[in-house]
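Me: I am new to reading protein structures, and I would like to learn how to go from the whole chain down to single residues. Could we work through an example together?

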Amino acid sequence: MAGPGVSRIGPEEEAELLSVIRERELSRYRFDDHDGSALPSKVSQFEQEFRTLTGARHCLGMNSCTSALYAGLLAAGIGPGDEVIVPGYTFIASIAAVAHTGAEPVLAEIDESLLLDPADVAAKITSRTKAVLAVHMLGAPCDLDALDAVTREHGLLLVEDCAQAGGGTYRGRHLGTVGGFGAFSLNVFKTFTAGDGGVLLTDDDDLYETAFALHDHGAAPLRLGVTDGPPLFGLNLRMHELTGALALAQVRKLPDILRTLRANRDKFADAIGDLPGVAPRRLHDPDGDCATVLAYTFASAAIADEVAGRLGTITLSRSGKHNYANMPQLRPDLLGSPDAATRRPNRSVLRRSYPPGSLPRTDDLLSRSIALSVGVVDSYLGSGVGIDVMADDDTIEAAARQFRTTVEDVAKAAS
């Protein structure tokens with residue numbers, strides 16, 4: 001179980017890691033480099049190369065995508081009394097980052113792309129709404145044209161959660177550079193990896209400087225003094241130098257990884273072909289899709305469940321803490337005794353409750369959808385069957401044949 005980046009770990013990553021260890025420089029900062037002889041920071045090099053790849057003005061390496069979302073939202077001024085619209089189908093970290101700013105996450109429906117529905121976003125906007133969090137789930141870009149239009153009309157911040165879509169694009173622009181800021185994950189299931197870690201991209205100078213201060217004890221970027229303006233309390237959300245070394249080697253491989261994924265996706269989809277009672281997920285920009293999975297939506301939940309069971313996988317409705325209906329943190333109505341509740345941090349659960357049924361369209365689509373791996377092999381996500389990024393043509397054909405035959409057998413039995 002791993003993502004595309006893990007399969008590409010090799011001598012390049014080893015060389016970057018050994019460089020750090022031999023230099024004994026384990027922090028991005030060269031505290032004792034009085035003569036300027038130390039090698040450049042791997043974290044700084046990674047930031048520079050990812051910035052160049054994506055075209056972003058600023059890149060900030062962090063310890064996780066969750067931290068990048070949290071710091072970015074705080075830097076944008078999101079806080080108590082505000083609302084942030086998030087999809088009901090996302091990883092729980094997207095919602096948690098909003099909750100820990102003190103703002104209220106407001107859940108919205110997905111559409112046939114399995115991504116945030118712009119129409120429902122527009123319907124959920126209130127006088128308290130300050131931002132919309134577009135989550136590029138399963139490696140594919142949201143409808144950023146529509147979401148950008150909605151947020152501009154209402155003067156809202158558009159945020160991109162690119163945790164599952166590192167390197168993806170939308171109409172030629174890199175994901176993470178369309179909204180006010182973008183956040184990325186480097187964990188083991190992602191297109192490129194450092195084991196763990198995160199990245200924040202933005203073109204906003206003020207947001208970058210404030211996010212840097214929040215991620216490093218109130219310091220100005222690269223610790224060149226203190227942050228301009230009123231001082232603030234920061235945290236320690238920094239990227240480790242060993243993480244930066246791995247990320248540096250991996251980001252250089254990302255374009256090739258994505259080319260391989262997209263080629264395999266097309267071979268896999270062509271080999272599967274058209275099937276009765278099932279449709280491929282709608283993609284807003286097929287060329288910009290990271291191609292980490294192939295997702296299919298069936299005519300009924302019963303058929304999807306039967307196909308999933310025969311394949312040894314699950315429908316997306318059962319996908320752990322990606323489906324809002326599986327997140328107990330969204331159910332303050334289920335809290336234990338009042339005494340137990342008072343011992344919890346007041347931002348550990350939401351103020352409003354989202355029991356199953358709160359998002360009927362999301363419930364329906366997830367119950368009828370299955371994801372086949374193209375490069376992210378992750379049973380918790382729901383992509384535990386399919387192929388991996390190293391698959392050859394025979395493996396791709398065999399996996400397609402298994403899926404096609406299973407679907408046809410279930411359809412025949414149901415008719």
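Me: Among contacts in the protein between residues at least 6 apart in sequence, what percentage join residues at least 24 apart?

Reply: Before the answer, please keep in mind that this is a predicted model. To read such a feature, one looks at the pairs of residues that touch and asks how far apart they are along the chain; here, 68% of the contacts between residues at least 6 apart in sequence join residues that are at least 24 apart.

Me: How many helices and strands does the protein have, and what is its radius of gyration?

Reply: The secondary structure comprises 14 helices and twelve strands. For the overall form, one compares the radius of gyration with a rule for globules: a compact globule of 415 residues would have a value near 22 Å, and because the protein has 22 Å, the two agree. The C-alpha trace spans about 75 × 55 × 45 Å along its principal axes, and buried residues make up 56% of the 415 residues.

Me: Why does alanine 131 count as buried, and where does it lie?

Reply: The idea is to ask what share of a residue's area remains accessible, with buried meaning under 20%. Alanine 131 has 0% relative accessibility and therefore counts as buried; its place is in strand β4, which covers residues 129-135. Setting aside neighbours within four places in sequence, alanine 131 is in contact with Ile78, Glu83, Val84, Ile85, Leu156 and Leu157.

Me: Which category does leucine 222 fall into by its relative accessibility, and which residues is it in contact with beyond its neighbours within four places in sequence?

Reply: Leucine 222 counts as partly exposed, because its relative accessibility is 43%. This residue sits in the loop between α8 (205-215) and α9 (241-251), and, apart from those neighbours, leucine 222 is in contact with Arg28, Tyr29 and Phe212.

Notes. Residues numbered from 1 in each chain as written. Predicted model: local features only at pLDDT ≥ 70, side-chain atom pairs only at ≥ 80, totals over all residues. Heavy atoms only, no water. Helix = DSSP H or I, 4+ residues; strand = E, 2+ residues; numbered from the N terminus. Rg over C-alpha atoms; globule rule 2.2 N^0.38 Å. Buried < 20%, exposed > 50% of the residue type's maximum accessible area, 1.4 Å probe, protein only. Contact = heavy atoms within 4.5 Å.
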